[in-house]
Amino acid sequence: MQTDTTLSAKYNIPVPRYTSYPTVPVWKEVHDPEPWKTSISHQVTEADWQKGISLYIHLPFCESLCIYCGCTKRITTNHSVEEEYIRAVLAEWQLYLDLLPHSPIIRELHLGGGTPTFFSPDNLSRLIEGLLAKATLHPSYSFSVEGHPNNTTRAHLDALYRSGFRRISYGVQDLNPEVQQLIHRIQPFENVQKATDEARSAGFSSVNFDLIYGLPAQDLDRLQYSIQQSLQLHPDRVAFYSYAHIPEVSCSQRLIDARLLPSPAQKLGLYHHGRSLFMDAGYIDIGMDHFALPADELYQAWQDGSLHRNFMGYTVQKSSILLGLGLSAISDTGYAFAQNTKSLKEYYRTIASGEPAIRKGYFLQEEDKTFRKHILDIACKGHTTLDRTWEAQLKEWTLPALQLLQNNGLVRVGGDEVSLTAEGRPFLRHVCKAFDLHLLRTERARLANNAICGRPAYASSL
Ligand code: SF4
């Protein structure tokens with residue numbers, strides 16, 4: 001059997017995180033919102049509505065720019081922007097309420113950003129009240145929020161708790177002062193400790209930390225320091241993300257001195273070191289960057305096969321419909337995807353005109369639905385049963401890709417059953433890719449094109 005490090009070197013190529021299938025680069029520009037509105041009002045079944053919906057609210061403002069950040073955000077210290085934004089989000093919600101066949105049942109609500117805790121506790125409470133005023137709560141509803149350790153106050157936590165929030169995720173990223181200076185996110189350990197302690201004493205039952213590897217000046221010792229400090233606070237879950245340096249897309253990343261970034265080989269070493277520290281501390285790798293304690297419901301859901309994945313990442317709430325409100329927010333009806341504009345001016349203007357602010361989207365074909373299910377099965381349960389209705393596609397694309405993965409010990413294929421092996425867990429995305437017909441077709445076309453042009457086929461960048 002090959003070692004993790006040998007396999008990681010072999011699979012050191014960029015692969016999507018599969019929060020959607022088809023992935024966002026495949027989606028098209030949207031100039032007419034009517035087909036999307038029809039999908040909401042007519043295509044979704046009553047059974048889907050009855051399961052309850054997930055609601056994602058994007059709150060884009062931040063007081064200070066973290067230069068590694070690739071999120072849609074607006075940097076300002078002017079808090080008067082809160083009012084106008086909340087009005088627009090509630091107006092957008094009303095547009096959806098007018099399209100729905102009846103009052104929606106909310107099963108999951110997530111505030112992301114940006115920095116949700118940029119908003120005052122009163123404004124957050126007003127936003128949640130407005131969202132829930134014309135909706136029903138599912139009996140097992142779950143509300144979660146992304147908090148910034150520097151500005152999440154006890155007043156925020158109390159207000160959110162009163163509104164039904166029990167889960168909070170803090171962006172810890174890295175705890176070394178030198179690394180924090182280089183990424184412009186100065187956040188002493190004491191701030192993380194205080195925010196964590198206060199969340200627990202306010203009544204939050206789950207605290208997640210986000211950590212990043214591959215940041216400038218990170219080395220094994222510094223990563224170990226960050227992880228050990230973080231684990232002292234006993235987060236229930238950890239998301240351990242790879243830093244993606246794409247300065248051509250994210251302007252602020254141009255401020256990062258690329259000479260200080262770990263090499264691909266050093267980055268692999270950081271990932272493996274981090275993973276072993278989490279495992280030694282009793283966390284379980286549930287795949288796609290997530291580690292959870294055995295008592296955490298995310299791990300329990302992975303075990304019993306009820307885990308689900310959507311744009312918010314892994315979730316235990318299995319709703320078929322996700323509605324995203326706010327700048328750049330993504331919605332998913334199971335039949336179609338839609339993403340809002342990333343321009344604040346355009347968002348305000350479009351919502352004020354009484355139309356959804358979507359600018360990108362995709363309607364799923366029957367083939368997409370089948371292969372999406374395979375990808376979700378692998379990502380959430382670690383196994384799938386091949387749908388032979390699509391025999392031609394399986395033979396041409398998926399089975400050859402699975403054969404290579406099986407040769408490396410990452411999957412087991414027996415008849416129609418495909419299962420991830422323990423060795424395959426860190427390579428979950430690569431197994432999902434075997435079902436990503438859009439990407440496999442694009443790669444083959446690119447290879448053919450490069451063979452003609454004589455260019456290298458693929459840039460490697462873990
Ligand atoms: S990392 Fe978070 S707080 Fe920092 S700029 Fe990005 S969205 Fe804002």
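**Note on helix crossing and aromatic contacts**

1. Helix α4 passes α12 in a left-handed crossing. This is a predicted model. Helix α4 covers residues 81-99 and helix α12 covers residues 344-352. Their axes come within 10 Å and cross at roughly 50 degrees. The two helices are therefore oblique to each other.

2. Which residues make the contact between α4 and α12? From α4 come V81, E84, Y85, A88, V89, A91, E92 and L95. From α12 come L344, Y347, Y348 and I351.

3. Now look at the rings. Y85, Y347 and Y348, named in the helix contact, also belong to one aromatic cluster. F61, F118 and F119 are members of that cluster too.

4. How many aromatic pairs does the structure hold? The count is 20. One of them joins Y213 and F240. The ring centres lie 4.7 Å apart, with 40 degrees between the planes. This pair is tilted.

5. Where do the two partners sit? Y213 is in strand β8 (residues 206-213), and F240 is in strand β9 (residues 237-242). The pair therefore ties together parts that are 27 residues apart in sequence.

6. Are Y213 and F240 buried or exposed? Buried means under 20% relative accessible area. Y213 has 5% relative accessibility, so Y213 counts as buried. F240 has a relative accessible area of 1%, so F240 is buried as well.

7. Charges also meet rings. The charged end of R166 sits over the ring of Y161, 3.6 Å from the ring centre. R309 places its charged end over the ring of Y314, 4.7 Å from the centre.

Key:
Residues are numbered from 1 along each chain as its sequence is written. This is a predicted model: local features need pLDDT of at least 70, side-chain atom pairs count only at pLDDT 80 or more; totals for chains, interfaces and linings use all residues. Side-chain values use heavy atoms; hydrogens and water are left out. Rings of Phe, Tyr and Trp (its six-membered ring) pair if their centres lie within 6.5 Å; planes under 30 degrees apart count as stacked, over 60 as edge-to-face and the rest as tilted. Helices (H or I, at least four residues) and strands (E, at least two) are DSSP runs, numbered from the N terminus. Buried means under 20% relative accessible area, exposed over 50%, partly exposed in between (1.4 Å probe, protein chains only). A charge sits over a ring if NZ of Lys or CZ of Arg is within 6 Å of the ring centre and within 35 degrees of the ring normal. Axes are lines fitted to C-alpha atoms, for helices over the stretch in contact, and angles run from 0 to 180 degrees between N-to-C directions. Angles under 35 degrees count as roughly parallel, over 145 as roughly antiparallel, 65 to 115 as roughly perpendicular and the rest as oblique. A crossing is left-handed if the near helix is turned anticlockwise from the far one by less than a right angle, and right-handed if clockwise. Contact means heavy atoms within 4.5 Å.
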